[in-house]
Amino acid sequence: MPLVDLTANYRSIRAEVAAAIRGVLQTGAFILGEELKRFEIEFARYCGSRFCVGVASGTDAIALALRALEVGAGDEVITVSHTFIATVWAILRCGATPVLVDIDPDTYTIDVAQVARAISSKTKAIIPVHLYGQPADMQPLIGLATAHGVAVVEDACQAHGATYQGRRVGSLGDAAAFSFYPSKNLGAYGDGGAVTTSRPDVYERLLLLRNYGQKSKSEYLIKGENSRLDSLQAAILRVKLPHLDVWNRRRQQLAAVYKAALSGLGIGLPMTQPDRSHVFHLFVVRVPQRDRVLELLRQVGIGAAVHYPIPAHRTVAYSELSRIHLPVTENTCDQVLSLPLYPELDARTICQRIVPALRHALQISG
Ligand SMILES: *Cc1c(COP(=O)(O)O)cnc(C)c1O
């Protein structure tokens, strides 16, 4: 069985999707049309933020949010190395310098004490990543950022719908970046992304930045990109958004099934902090002999995976960042293992196939 099965999800909403696509095709408005506007209003409302701007991907969402906050050459942006590579790339793409810090070993999210040590006079923004679906510890982070006059951009690409102290991600910082890559908790049928913000100045700049910097026809106020969420994807996301809470609850139920079935095996299970909700974009455990366990699971057809085996500062492409040592990150990357999880997976498959296979793999690899 796969790590994620997108066809099962499609089957559950096929008729609604067909009607939405047909609707867009009939209007002929494929870029920056009504569907996008409606989705932006609905997604902003869902997140509890004032504004939403649809863009072409999660990577663009991070980069454009930074540019909207006037982050550029000479500025430092603090984030984690234990993330999808796009977080780090988006910073470099703006001309800024990523300053990578370690994570909290329980939540896998940014360690706020490390951020405090890394802040300098050049720091312009901090990007906490709500990794695997659990929000980072935002309250002390925002306190620190405010004290230093530094912006906070949430990387919420894995956490659509998750909450921190009762508030949804996307409403916690100066801006937040979302990805609608197909396998995300809220996924399009292609690439897509969005920035949410409650700051009118950031919103106005984002509208320009995603559309060549164009104010009106042939009037370019700033240098902007071509990065828009297209109408077909917006229409599909409008079909899916009303289901998101149900799908997230289902992920949480399946995570509870996993946790009950895996307790007492001496492996690390995901820990949800009491002031947060975790939407389990991924169900990640920690095991000894991880590579061997992964291989054994794959041999019996179980689509386990690793997010992420190599931290950003250890990748070939980012060798200029390799001089740092992040012990928790490096240790985590050697142990984490993602098990299959998606809303349509059934509990029986977890209990009768995946968990027994994992137990067996742990025994023979140990
Ligand atoms: C998916 C993801 C991104 C990038 O999103 P794309 O839509 O693939 O560009 C950025 N950060 C994190 C944490 C992600 O999971």
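I began with the pair H1 and H8, where H1 passes H8 in a right-handed crossing. The model is predicted, and I kept that in mind throughout.

**Entry: H1 and H8**

I looked up the geometry of the pair next. Helix H1 covers residues 6-27 and helix H8 residues 231-240; they pack at an angle of about 135 degrees, and their axes are 9 Å apart. That angle makes H1 oblique to H8, since an angle counts as roughly antiparallel when it is over 145 degrees. I then listed the residues in contact. H1 contributes Asn9, Ile13, Glu16, Val17, Ala20, Ile21, Val24 and Leu25. From H8 come Ser231, Leu232, Ala235, Ile236, Val239 and Lys240. Sorted by class, this contact of H1 with H8 holds 10 nonpolar, 2 polar and 2 charged residues.

I followed the chain on to Leu32, which I found in the loop between H1 and helix H2 (34-47). I checked phi of Leu32 and noted a value near 50 degrees, which is positive in a residue other than glycine.

**Entry: H3 and H7**

Which residues of H3 meet H7? I noted Leu64, Ala65, Arg67 and Ala68 on the H3 side, and Val202, Arg205, Leu206 and Leu209 on the H7 side. In this contact of H3 with H7 I counted 6 nonpolar and 2 charged residues, with no polar ones. The two helices, H3 at residues 58-68 and H7 at residues 200-209, pack at about 125 degrees with axes 9 Å apart. H3 and H7 are therefore oblique to each other. I recorded the crossing of H3 and H7 as right-handed.

**Entry: the ligand**

Gly58 lies in the range of H3, residues 58-68, and a polar backbone atom of Gly58 is 2.8 Å from an oxygen atom of the ligand. For Thr59 I looked at the side chain: an N or O atom there is 2.5 Å from an oxygen atom of the ligand. With Asp155 the ligand atom is a nitrogen, 2.8 Å from an N or O atom in the Asp155 side chain.

**Entry: H10 and H12**

I returned to helix pairs. The axes of H10 and helix H12 (residues 347-365) come within 9 Å and cross at roughly 135 degrees. H10 and H12 are therefore oblique to each other. Is their crossing left-handed or right-handed? I have the crossing of H10 and H12 down as right-handed. On the H10 side I listed Arg292, Val293, Leu296 and Leu297. These meet Ala357, Leu358, Ala361, Leu362, Ile364 and Ser365 in H12. By class, I noted 8 nonpolar residues, 1 polar and 1 charged in the contact of H10 with H12.

The peptide bond from His307 to Tyr308 is cis, and I noted its omega as near 10 degrees.

Notes: Residues are numbered from 1 along each chain as its sequence is written. This is a predicted model: local features need pLDDT of at least 70, side-chain atom pairs count only at pLDDT 80 or more; totals for chains, interfaces and linings use all residues. Side-chain values use heavy atoms; hydrogens and water are left out. Axes are lines fitted to C-alpha atoms, for helices over the stretch in contact, and angles run from 0 to 180 degrees between N-to-C directions. Helices (H or I, at least four residues) and strands (E, at least two) are DSSP runs, numbered from the N terminus. Angles under 35 degrees count as roughly parallel, over 145 as roughly antiparallel, 65 to 115 as roughly perpendicular and the rest as oblique. A crossing is left-handed if the near helix is turned anticlockwise from the far one by less than a right angle, and right-handed if clockwise. Contact means heavy atoms within 4.5 Å. Ala, Val, Leu, Ile, Met, Phe, Trp, Tyr, Cys and Pro count as nonpolar, Asp, Glu, Lys and Arg as charged, and the others, Gly among them, as polar. A polar contact is a pair of N or O atoms within 3.5 Å; within protein, one must be able to donate a hydrogen and the other to accept it, and residues adjacent in sequence count only if both atoms are side-chain atoms.
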